[in-house]
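Biologist: Please pick one part of this model and take me through it closely, piece by piece. I would enjoy a connected account with the cut-offs spelled out.

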Amino acid sequence: MEKVKEKRLFIETYGCQMNFSDSEIVGSIMTEQGYTTTDAAENADVIFINTCSIRDNAEQRIRKRLKEIKRMKKSNPNLKVGILGCMAERLKQQLLDEEEHVDLIVGPDAYRDLPNLIKTVDSGRRAINVLLSEEETYAEIEPVRLGNNSVSAFISIMRGCENFCTYCVVPFTRGKERSRDPETIVNEASDLVTKGYKEVTLLGQNVNSYTWNEDGAEVSFPQLIAKVAAVSPELRVRFATSHPKDISDELIKTIANTQNICNAIHLPFQSGSNAMLKKMNRKYTREWYMERISTIKQYIPDCGLSTDVIAGFCGETEEDHQETLSLMDWVGYDYAFMFKYSERPNTIAQKKFPDDVPEEVKSRRLTEIIDLQQKLSLRSNEQSIGKVVEVLVESTSKRSEADLAGRNDQNKMVVFPRKHYQIGDYVQVKITSCTAATLIGEAL
Ligand code: SAH
Ligand code: SF4
Ligand code: F3S
């Protein structure tokens, strides 16, 4: 009998952690079809690009990459190319028309259809499925772990978003908000613990809006995260990304009272100006956000705090911008993801508000935001000098083979000399110095 040649799949992922988690689901579905995942694009029979649409530059990067893949296909005409994720969902058929070397377009809720779609592609035709679903959570699919440090894993617990922040494409690319059966989440966490994992991050576009109803009983996000934490005291539990509107007292108290739920909250504020927040449809005010931060600090005094912020949204004045800076300073974030506003086709902002802050003003404001955050990060890290922190070792340091790297409870990166320690160990580290990005110390 002729030996069936093993088919190799290369998945390249852009965008948020949800997309990385989705790639692991795709990996699992494709493995069932006889594919093995490879980390070398040159050797692959199939290349999937899991794409992001959040800002124009994200899409431009992917378009560039598609040009390179087009050249790869010239030298290997049997290579099949699929575009997955948010760009697939946003552009649909248009993407197939514009990129003639692409064989397959699949939106984020259609991955279960991949076996059929791949058959179509194998028969020499092009295939597309961009249907969004109101129920799909891929609940019982066991992801193939692609990150593969075997220490830390993502668990996707809810999908979609219907907040319709006016600048954002996600509600259009990811569809309606829906939560996953808690039993399957807890089982996935238990399974990871059995396999030796030490940390899970619960993921969702608005992770803390999680809610599950069965037989009239509700499982809320605080209840869910407590269940996951109860799987093992050795398992660290993190979560991202939270929407400020759903940071409840109950959630804050659950984090404070549960030893293995990490004291770190990523809470995007986007803008410090009430006028901008209203225009963005963020559903909270500056004062309300500040009250939430005060409550967090009251119950969890050492809580790591991080955020997302947008510079130069439609109509943003110099005063609005100053309010963003003053809010950042007041909170004292440990780190932040900072962006220039990028107008996205068909969003509410694109239809209603002119993108009228000049490019150089956006750039200058972003630079001021980055400079401030650099100071805040350094200040926050300096406060850790002399303290002892518990680090979960994730990898060898990027800078030196002699050092290990991991994170503390507050999600700060810590680097220290390796000695006899190994990846996956919990290590007590005394912090001796720092940069704005990293704490440096010695294992005790
Ligand atoms: N669901 C999460 C994160 C969504 S996307 C939340 O609401 O917090 C991640 C970040 O990208 C957002 O928090 C926002 O800061 C940024 N972002 C989204 N759309 C953008 C746009 N059109 N231009 C610039 N930044 C944007
Ligand atoms: Fe986008 Fe807002 Fe939804 Fe976050 S909450 S994904 S920023 S629409
Ligand atoms: Fe990008 Fe889609 Fe995530 S647009 S940020 S990959 S939800």
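Modeller: Happy to! Two strands count as paired if DSSP finds at least two bridges between them. Strands (E, at least two residues) and helices (H or I, at least four) are DSSP runs, numbered from the N terminus. This is a predicted model, with local features needing pLDDT of at least 70, side-chain atom pairs counting only at pLDDT 80 or more, and totals for chains, interfaces and linings using all residues. Residues are numbered from 1 along each chain as its sequence is written, chains are lettered from A and ligands numbered from 1 in the order in which they are written, and side-chain values use heavy atoms, leaving out hydrogens and water.

Let us look at the open sheet built from 3 strands, ordered E7-E10-E13 with parallel pairing. The edges belong to E7 (152-156) and E13 (236-240); each has a single partner strand, so one side of each lacks a neighbour in the sheet. From one strand to the next, the twist averages 25°. Here axes are lines fitted to C-alpha atoms, for helices over the stretch in contact, and angles between N-to-C directions run from 0 to 180 degrees.

Between E7 and E10 (residues 199-203), the parallel pairing covers 5 bridges, and Ile 155 is found opposite Leu 202 of E10. Helix H7 (residues 182-194) packs on the sheet, where it touches E7 and E10, and its direction makes about 170° with that of E7. Contact means heavy atoms within 4.5 Å. Helix H1 (residues 17-32), in turn, lies across E7, E10 and E13 and runs at about 90° to E7.
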